[in-house]
Amino acid sequence: MNVRTAARRAQAGFTLIELMIVVAIIGILAAIAIPQYQTYIAKSQVSRAVGESGALKTAIEDCANNGKFTIGKATAGNCDTQATGSSILEGATQGDVVIPASTGVPQAQLADTGVATIVAEFGNKASAALTGKKITWSRDKDGSWTCKSDADEKYNTAACGKTIAPAL
């Protein structure tokens, strides 16, 4: 082989078999990565919903301490949770806050005994694996909060499922 033949061969580029191997490797990586990414998205949405719905606990505590047991617009005697719209939740606003279209807020209930629930239902732009599932915060009459999720266990967070003792 002379120098000109060697130079021409060095510039030949990739062979078809080399390109097919690269495409196969990329395909295998994508087949593994895409489902993992979808699981990651659903887990992050559960974490987000737990945080968004849990944020209403402060307003519920304040209302219970001030004897406001009717959830609704901020009028005398009513408890306005000031919940803001979330693109991954379903539910109409219960107070004075105006929320954008295609958003929802957690739904709260408060009894005159101090028992309360906050329910965040997944919908709108939530992962398909979560649509229709709920995060439920429950307050007993002693002020302890518990969180339950009916989402698949692999999506749940450590924050939901534990009892949170009342602050002293």
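**Ground rules**

I count a contact when heavy atoms lie within 4.5 Å. The model I am reading is predicted, so I take local features only at pLDDT of at least 70 and side-chain atom pairs only at pLDDT 80 or more, while totals for chains, interfaces and linings use all residues. Residues are numbered from 1 along each chain as its sequence is written, and side-chain values use heavy atoms, with hydrogens and water left out.

**Entry 1: Q107**

I started with Q107, which sits in strand β4; strands here are DSSP runs of E with at least two residues, helices are runs of H or I with at least four, and both are numbered from the N terminus. What does Q107 contact beyond its neighbours within four places in sequence? I found G91, A92, Q94, T117, I118 and V119.

The Q107 side chain reaches the backbone oxygen of A92 at 2.8 Å. A polar atom of that Q107 side chain also lies 3.0 Å from the backbone oxygen of V105.

Q107 comes out partly exposed, at 28%.

I then followed strand β4 (residues 107-110) along its length.

A108 has I118 as its bridge partner in β5. The two strands form a hairpin with 5 residues between them, and G114 in the turn has a positive phi of about 95 degrees.

**Entry 2: helix α3**

Which residues of α3 are buried? I noted L56, K57, A59, I60, C63 and A64. They fall within an arc of 160 degrees seen down the axis of α3, so they line one face of the helix; the arc is that of the directions from the helix axis to the C-beta atoms. Exposed T58 and N65 are on the face turned away from the buried side of α3. Just after α3, G67 takes a positive phi of about 75 degrees.

**Entry 3: salt bridges**

My rule was a side-chain nitrogen of Lys or Arg within 4 Å of a carboxyl oxygen of Asp or Glu. How many salt bridges does that give? The count is 2.

E52 and R48 form one of them, at 2.9 Å from N to O. They are 4 residues apart in helix α2 (residues 16-54), which means about one helical turn separates them. E52 is partly exposed at 26%, and R48 is partly exposed at 35%.

E61 and R139 also form a salt bridge, their closest N and O atoms being 2.7 Å apart. This pair links distant parts of the chain: E61 is in helix α3 (residues 56-65) and R139 in strand β6 (residues 134-139), 78 residues apart. R139 is buried, at 9%.

Notes. Buried < 20%, exposed > 50% of the residue type's maximum accessible area, 1.4 Å probe, protein only. Pairing = 2+ DSSP bridges. Polar contact = N/O pair within 3.5 Å; in protein donor to acceptor, adjacent residues only side chain to side chain.
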